There are 2 protein chains.
Amino acid sequence: MLPAPACCTPLSREPLGEDDAKTLAGMFKALSDPVRLRLLSLIASHEGGEACVCDLAGPFDVTQPTISHHLRVLREAGLIDCERRGTWVYYWVLPTALERLGSLLSTDGLVAAGPR
Amino acid sequence: MLPAPACCTPLSREPLGEDDAKTLAGMFKALSDPVRLRLLSLIASHEGGEACVCDLAGPFDVTQPTISHHLRVLREAGLIDCERRGTWVYYWVLPTALERLGSLLSTDGLVAAGPR
DNA sequence: TCTCTGAATAGATGTTTGTCTATACAGTGA
DNA sequence: TCACTGTATAGACAAACATCTATTCAGAGA
């Protein structure tokens with residue numbers, strides 16, 4: 001049987017290799033800031049599955065360059081992508097990236113443990 | 001209909017609140033380091049679902065206090081728990097925490113978007 | 001009680017990160 | 001071409017972080 005690709009193997013299946021751990025930790029790092037998590041959620045839950053930056057800045061207490069910085073971090077982590085359409089820039093979520101992280105966290109086959 | 005609890009609502013269902021975002025970002029931050037991700041994977045995939053610290057330190061290039069520090073971060077994030085049994089301390093994964101993060105990343109109902 | 005081993009804590013240090021202000025870049029429309 | 005608006009980049013700075021060495025704590029066994 002072929003080993004499952006790193007993209008879809010749960011953490012609990014086999015120890016993560018050094019390289020995979022580095023890549024995946026980078027993606028989780030992008031999710032490790034409250035502003036970024038809310039940005040991602042705003043984009044994902046926006047009608048049509050995408051949102052203009054002008055829709056995103058509103059709910060936050062931080063400046064526009066800070067929002068722009070966080071969007072770049074999410075984009076460089078491969079979680080979202082964007083496109084300019086005239087004056088505005090639209091962002092959308094890349095579902096396969098979320099799914100990759102989600103399947104990593106799967107607890108299928110995880111043996112329950114705890115105090116003896 | 002009652003609103004789904006924050007623990008199980010996908011990011012794409014509705015915008016994440018400020019407080020939930022803070023909590024969840026903290027959990028993702030615990031996953032945002034390659035050593036911690038490998039530690040978690042090592043614990044989860046260890047036979048019996050738990051591992052002694054002495055089983056964990058081996059594969060890493062960092063010192064014992066650093067491993068201890070990372071285990072503490074994972075524990076304080078609610079991802080693992082531990083117990084001393086005689087000389088040794090055993091760690092195990094808390095599956096509900098992983099499941100909470102996993103369901104947050106679910107793409108069910110996410111509208112595909114992209115370049116026009 | 002003494003010593004040995006496994007694990008955690010304390011404190012120091014260089015690096016990374018989140019945020020800001022100031023500025024530049026990209027389109028639109030007059 | 002000029003002015004205006006939306007977005008990104010540059011650079012600075014304080015706070016958070018990963019790692020180390022040195023030390024302490026907790027149990028086991030003689």
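Q: Which element gives the largest share of the surface near DNA strand C?
A: The element is α4(B), with six residues. Helices (H or I, at least four residues) and strands (E, at least two) are DSSP runs, numbered from the N terminus. The model is predicted: local features need pLDDT of at least 70 and side-chain atom pairs pLDDT 80 or more, whereas totals for chains, interfaces and linings use all residues. Residues are numbered from 1 along each chain as its sequence is written, with chains lettered from A and ligands numbered from 1 in the order in which they are written.

Q: What makes β2(B) and β3(B) a pair?
A: Pairing requires that DSSP find at least two bridges between two strands. β2(B) and β3(B) have six bridges, in the antiparallel sense, so they meet the definition. B:R84 stands opposite B:V89 in β3(B).

Q: How many bridges join β1 of chain B and β3(B)?
A: There are three, again antiparallel, so this is a pair by the criterion of at least two bridges. In β3(B), B:W92 is the bridge partner of B:E50.

Q: How many residues does each chain bring to the contact between chains A and B?
A: Chain A and chain B each bring 45 residues; two residues are in contact if their C-beta atoms, placed from the backbone, lie within 7 Å. On the side of chain B that touches chain A, α2(B) gives the most, with eight residues.
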